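These are my notebook entries on a structure I looked up. I record what I examined in the order in which I examined it.

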Protein chains: 2
Amino acid sequence: MAKPAKSNAKTADPKEALEGFGKDILKEIERGEKPRFVTTARTRSNILYDNKKGYLSLGKTQEERNFLNVAQSKRFMQTVAIAAKCQKFVTENLHTSIRGLFYQLKYSLGEDVDENIFNEQAESNPLIEDLEVALDVKREEFNLNANRKGVMAGNVRIIDTFGGERQEIDASKMGRSGWAIPSDVDNDIKFVDLKAKYVLVVEKDALWQRLNEDKFWQKENCILITPGGQAARGTRRLIRKLADEGLPVYVFTDSDAWGWYIYWTIKTGSINLAYIGDSVATPEAKFLGVTLSDLDKYEFLKNMTMKGKDVDLKRAQEMLEYPWINQHEEWVAELKRAIKTGIKLEQDALQGPRLTFVSDYVREKIKNKDFLP
Amino acid sequence: MAKPAKSNAKTADPKEALEGFGKDILKEIERGEKPRFVTTARTRSNILYDNKKGYLSLGKTQEERNFLNVAQSKRFMQTVAIAAKCQKFVTENLHTSIRGLFYQLKYSLGEDVDENIFNEQAESNPLIEDLEVALDVKREEFNLNANRKGVMAGNVRIIDTFGGERQEIDASKMGRSGWAIPSDVDNDIKFVDLKAKYVLVVEKDALWQRLNEDKFWQKENCILITPGGQAARGTRRLIRKLADEGLPVYVFTDSDAWGWYIYWTIKTGSINLAYIGDSVATPEAKFLGVTLSDLDKYEFLKNMTMKGKDVDLKRAQEMLEYPWINQHEEWVAELKRAIKTGIKLEQDALQGPRLTFVSDYVREKIKNKDFLP
């Protein structure tokens, strides 16, 4: 599957983009035109899966918001207020969260206007996404941190220039802890001396710790990542960046609805982040396991299965409808088996015979290229 | 308030304790007695708050389980099976999670006996707690990792001897990420060159990042910790250990039910972990804010409040009943104000006037010793 064309391309300069946005509005006012804001629609109908790209992204439908349209003027004004704050953060070279942005808006606008402009953070979130899309700048570049989660270990050094100080973190010397993956893995972060040969993404932190204790990443020379469940923006972006360096990506999850979802989100992106699909999806990723077909290869696993929940089976049924999944016969077989047998299998189960079996399992899968697409 | 007497005392040697447990059972069998297992009850009525200690711990009520009692024999056998596995983990010097233990039990016992001994992990969890209490050994010493969460930065180095390798992590050189606090901060982990003067615990990771970017811990020479919400076992234990080094501990949370809960859990421990209260509670901790009384000191905060949820108000009411809380008039005033006004205040709100205001707020509180007990 094709590598996202733009994945490593520099997006627009955030400061220039924000200034341009402001200047365009000024020009419209000066020309006596209605100030307006054009962005690409993030509605469901404009989220498309492109088989060539291999990930979910936005189509071409545009949305326009006019300041002089009564129904749109509040949102328009809110968007301008957010842009102004982001410009301030970038100029100050200080970061905050969207919650911090929300309170800054509440502080600046709350006293001078009749009603509080942002009573609920839910109002400001979609407007930030509007700006990200319209200006082709990710929120991380507006100095807005998203929630972070996930850790990494492996033969690579991280140069983190942060708060004016340059620090060097050796991801092969982080003991039992690993390097905590930040929200922003692009700006003022560099990965140097990347010597690993592939990336292994492990759903659960507990399994990551098991493999880390076995020094799996050292012995196999890989980058060992856990998103700690569903991957945060920073972790998805990190996986994409490592794939851009030419490293194969293998994803290791439970065989259940949540595990499948984690895999497909890493691979094809998600509805919510389709607007930055090119930056966070890794279509090259392969699914390492666990699979129900493992039951045919590892006799002991037959006693390790659990009853699938209704949501697992419902989700398997839904996945059979997705064109990016049902084009792969291996996945169709796997999902049909899950539905037919009603069972699920956890990655933790591989610790049954002995704790170090997990490492052997992963090693064998990789050696035999025993993956699902 | 008194420092827990035992907090840094070495608990029993895990291997000896497990062997002793097995040998005692053997002796009972050899003597023709009923094999039995005695532990301290973790029932609600045996969880006590001791005003001298300043934390929740178990009383003296003992529970006995007999192998020859039909109602107890299954649990008895399960407990012995868990002890045997823990002994194996400790001997192998390998770690796993309680989920990993569960699958090991399922693997070993599932085939030979009529019914699966452990169908649900829920069955094995309380039995691990039984063993922890009966043998006076924490699960971390049985090589069972609990969920981990939370990060730390500050002037201290961590010597982590892990998987046979000694690694040195400088918590003052972790860039934007911080050191990810592990499940076990005791065994084969040493804190050296601890130069910080106090510990600041910040509820939300987003605020931790804000303070980290301001180099707050560097400028003020403190240890900056976020539990990332409610503190995991490892983080609570770490805070306790830092307090044992003589460092004052200040906790900074939202002024709402969840924030109060986070504080009191750190300070007095919790019902769930009362059985290791001496290892995880930090009665010396003080509450830094945010408080509703901050509204009287910082004019702008009046526009930053949110409507409290029902759960916040209900929780405030409950807290007024707890003897360890209602003995402090400052807390009574605070909680009554929350109930009367029906509002809450988030720590994020301090970013309203400018992002760096958070640092100034914390600095001023510490300078003026403006804490709640």
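**Entry 1: the two copies.** I superposed the chains of this predicted model. Chain B can be laid on chain A by a turn of 180° and a shift of 0.0 Å along the axis, with an RMSD of 0.0 Å. The two copies are thus related as by a two-fold rotation axis. I then looked for the part of chain B that comes nearest the axis, and the C-alpha in question is that of B:A180, 3.0 Å from it. I noted the general rule that two copies of a chain are related by a rotation about an axis and a shift along it.

**Entry 2: where the chains meet.** How many residues of chain B are in contact with chain A? I found 45 residues of chain B in contact with 45 residues of chain A. I listed the elements of chain B that give two or more residues to this side: strand 5 (96-97), helix 3 (98-109), strand 8 (157-162), strand 9 (165-170), strand 10 (179-180) and helix 5 (205-213). Helix 3 of chain B supplies the largest share, six residues. By class, the side of chain B that touches chain A has 16 nonpolar, 17 polar and 12 charged residues. I also compared the two sides: 100% of the interface residues of chain B are also interface residues in chain A, so the copies meet through the same surface.

**Entry 3: an open sheet in chain A.** I traced three strands of chain A that form an open sheet in the order 9-8-11, with antiparallel pairing. Which strands stand at the edges? They are strand 9 (165-170) and strand 11 (189-192) of chain A; each has a single partner strand, so one side of each is left without a neighbour in the sheet. From one strand to the next, the twist averages 20°. Between strand 8 (residues 157-162) and strand 11 of chain A I recorded four bridges. In this pairing A:R157 stands opposite A:V192 of strand 11.

**Entry 4: the domains of chain A.** I noted that chain A is divided into domain 1 (14-145) and domain 2 (151-367). Their C-alpha centres lie 33 Å apart. In the contact between them, 15 residues of domain 1 of chain A face 18 residues of domain 2 of chain A. On the domain 1 side, strand 2 (47-50), strand 3 (55-58) and helix 4 (121-135) of chain A each supply at least two residues. Strand 3 of chain A gives the most, with four residues. I sorted the residues of this side into six nonpolar, three polar and six charged.

**Entry 5: a helix pair in chain A.** I followed helix 1 (residues 14-30) and helix 2 (residues 70-92) of chain A, whose axes come within 10 Å and cross at roughly 145°. The crossing is left-handed. The residues of helix 1 that meet helix 2 include A:L18, A:F21 and A:I25, and their counterparts in helix 2 include A:V80, A:A83 and A:V90. The residues of this contact divide into eight nonpolar, two polar and one charged.

**Entry 6: a hairpin in chain B.** Last, I examined strand 2 (residues 47-50) and strand 3 (residues 55-58) of chain B, which run antiparallel and are joined by four bridges. The bridge partner of B:L48 is B:S57 in strand 3 of chain B. The hairpin has four residues between the strands, and B:G54 takes a positive phi near 85°.

Methods
Residues numbered from 1 in each chain as written. Chains lettered and ligands numbered in written order. Predicted model: local features only at pLDDT ≥ 70, side-chain atom pairs only at ≥ 80, totals over all residues. Domains from an automatic or database assignment. Contact = placed C-beta atoms within 7 Å. Nonpolar A, V, L, I, M, F, W, Y, C, P; charged D, E, K, R; others polar. Axes fitted to C-alpha atoms, helices over the stretch in contact; angles between N-to-C directions. Left-handed = near helix turned anticlockwise from the far one by under 90°. Pairing = 2+ DSSP bridges. Least-squares fit on C-alpha atoms with pLDDT ≥ 70 in both.
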